[in-house]
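Trainee: I have a protein model open and would like to learn how to read it. Please take me through it one feature at a time.

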Amino acid sequence: MGDFLNRCQFKFDAVNSYILLFVAVLALFASGCATRSGISKTEALIANATRDESRGTMALNSRILAMANSDSLSGDYRLGTGDLLEISVFDIAELSKIKARVGAEGLMTLPLAGTVAAGGKTAMELEAIVKAALGSRYIRDPQVSVFVLEHHSHRISVLGAVKKPGVFEVSGPRSVVDMLAMAEGLTEQSDQIVYLIRKVVKSSAAPGPLGSQPQTASDGKSAQEAVLEINLEEMLVDGKDELNAPLQSGDVVHVPKAGSYFVGGSVQKPGSYVLKGRDVTVDQAIIEAGGVTKVADFESVKIFREIKGQQKQIIEVSLNEIEQGQKGPLVMKNDVILVNSNGFKSAWFGFLEFIRFGVGASL
């Protein structure tokens, strides 16, 4: 009888071991399938990501170097202090090849025309001014030409997130792109918005358009700074050449650092990430954080955004909808992105770990 019971117990233990082994294999298989779901979701997000690498910092720097020192702005050069000009009136020898230098206040004195304001004018604009001064009193319909013999050095500052910030002594016409190239391009932390800062007369109602005539405070009026916003992507990628403003002595080009955002929750590499001066959608931000984990809830991604003067805004996002082609919302400076975990997945993976641990211990 004892031998019979021992044989039965042995068979029971063997069957139990086979059952536990089967459950372990099933658990490992299920675990692998569930893990694969997290990987598949990350792969799907990568496949649907719309990041345009032509708008990255490296690509923008390449475009800056390609566009720098272009002659396209030479006709829009604004005269400044110290520039040497040659002014001629057609068919009048006494008024031909007159050399004159622009004074400290942007003024210059010419025969018959008297004192004229040359600072901030283009050569063509100065021709019209001299023509009007001579034609009003002395010469009928004079034909005036202005030629720039020497471009005096101008001091232009490039500050912020560039590789070589500083104050540059330049001669000749310079544009925003030229100065960014002289500063050796953008850093990885640069924003896509740069600012052109220029002093204008305080009495001006509003700053003029990019490249407009500079204002001086020589008349006793106090000066103030006008700030003009330039979108680098629109200028360099979209081809809006009008944003590549001609610069004047004393201008400041400021490139601020881009903001950062935080990704947390069920992602592989939670942490803070820099926007790097480009548009980033929420799915791209999650990819930057290594993608989702196996317990991520694809329907429960939240963006917490601080609205100035208001309460915190919460934006809900579905990764499944993004996988199907819907564009994810853009991430903004200081956003917090939280990928929630799925309760069922968490419980299931906890159960699988328990089974694997129990089977391993019994075997």
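Mentor: Let's begin with burial: a residue is buried under 20% relative accessible area, exposed over 50%, and partly exposed in between (1.4 Å probe, protein chains only). By that rule, 41% of the 363 residues of the protein chain count as buried. This is a predicted model, in which local features need pLDDT of at least 70 and side-chain atom pairs count only at pLDDT 80 or more, while totals for chains, interfaces and linings use all residues. Residues are numbered from 1 along each chain as its sequence is written, and side-chain values use heavy atoms, with hydrogens and water left out.

Trainee: How many helices and strands does the protein chain have?

Mentor: Helices (H or I, at least four residues) and strands (E, at least two) are DSSP runs, numbered from the N terminus. Here the protein chain has eight helices and 15 strands.

Trainee: Which residues of helix α2 are buried?

Mentor: Helix α2 covers residues 57-67, and its buried residues are Thr57, Ala59, Leu60, Asn61 and Ile64. The cover over them includes α4 and α5. To judge such cover we use contact, meaning heavy atoms within 4.5 Å.

Trainee: Is leucine 186 buried or exposed?

Mentor: Leucine 186 counts as buried because its relative accessibility is 2%. You will find leucine 186 in the loop between α4 (176-182) and β8 (193-201).

Trainee: Where is alanine 245?

Mentor: Alanine 245 sits in the loop between α5 (232-237) and β10 (252-255). With 0% relative accessibility, alanine 245 is buried. Leucine 196 is 49 residues from alanine 245 in sequence, and their C-alpha atoms are 8.8 Å apart in space. For the whole chain, take the contacts between residues at least 6 apart in sequence: 63% of these join residues at least 24 apart.

Trainee: What is the side chain of aspartate 297 doing?

Mentor: One of its polar atoms lies 3.1 Å from the backbone nitrogen of glutamate 299. Aspartate 297 belongs to strand β13 (residues 296-305) and is buried, because its relative accessibility is 18%. Apart from neighbours within four places in sequence, aspartate 297 is in contact with Asn340, Ser341 and Asn342.

Trainee: Which residues line the largest cavity?

Mentor: Rolling a probe the size of a water molecule over the atoms shows where empty space is left. On a 1 Å grid over the protein atoms alone, a cavity is a set of points where a 1.4 Å probe fits but cannot get out, and lining residues have an atom within 4 Å of a point. The structure holds one cavity of 30 Å³ or more, and the largest cavity has a volume of about 50 Å³. Its lining is made of Ile87, Val89, Leu95, Ile98, Leu110, Pro111, Ala113, Val130 and Leu134. Strand β1 (84-89) and helix α3 (123-135) each supply at least two of the lining residues. The lining has nine nonpolar residues, no polar and no charged.

Trainee: What is the phi of lysine 97?

Mentor: Most residues other than glycine have a negative phi. Lysine 97, which is not a glycine, has a positive phi of about 50°. Lysine 97 lies in the loop between β1 and β2 (98-101) and is exposed, at 60% relative accessible area. Asparagine 334 also has a positive phi, about 70°, without being a glycine. Look for asparagine 334 in the loop between α7 (319-323) and β15 (336-341); at 53% relative accessibility, asparagine 334 is exposed.

Conventions
Polar contact = N/O pair within 3.5 Å; in protein donor to acceptor, adjacent residues only side chain to side chain. 1 Å grid on protein atoms, 1.4 Å probe; cavity = no way out; pocket = protein on both sides within 12 Å on 5 of 7 lines; lining within 4 Å. Points joined across faces, edges and corners; volume = space filled by probe spheres on them. Nonpolar A, V, L, I, M, F, W, Y, C, P; charged D, E, K, R; others polar.
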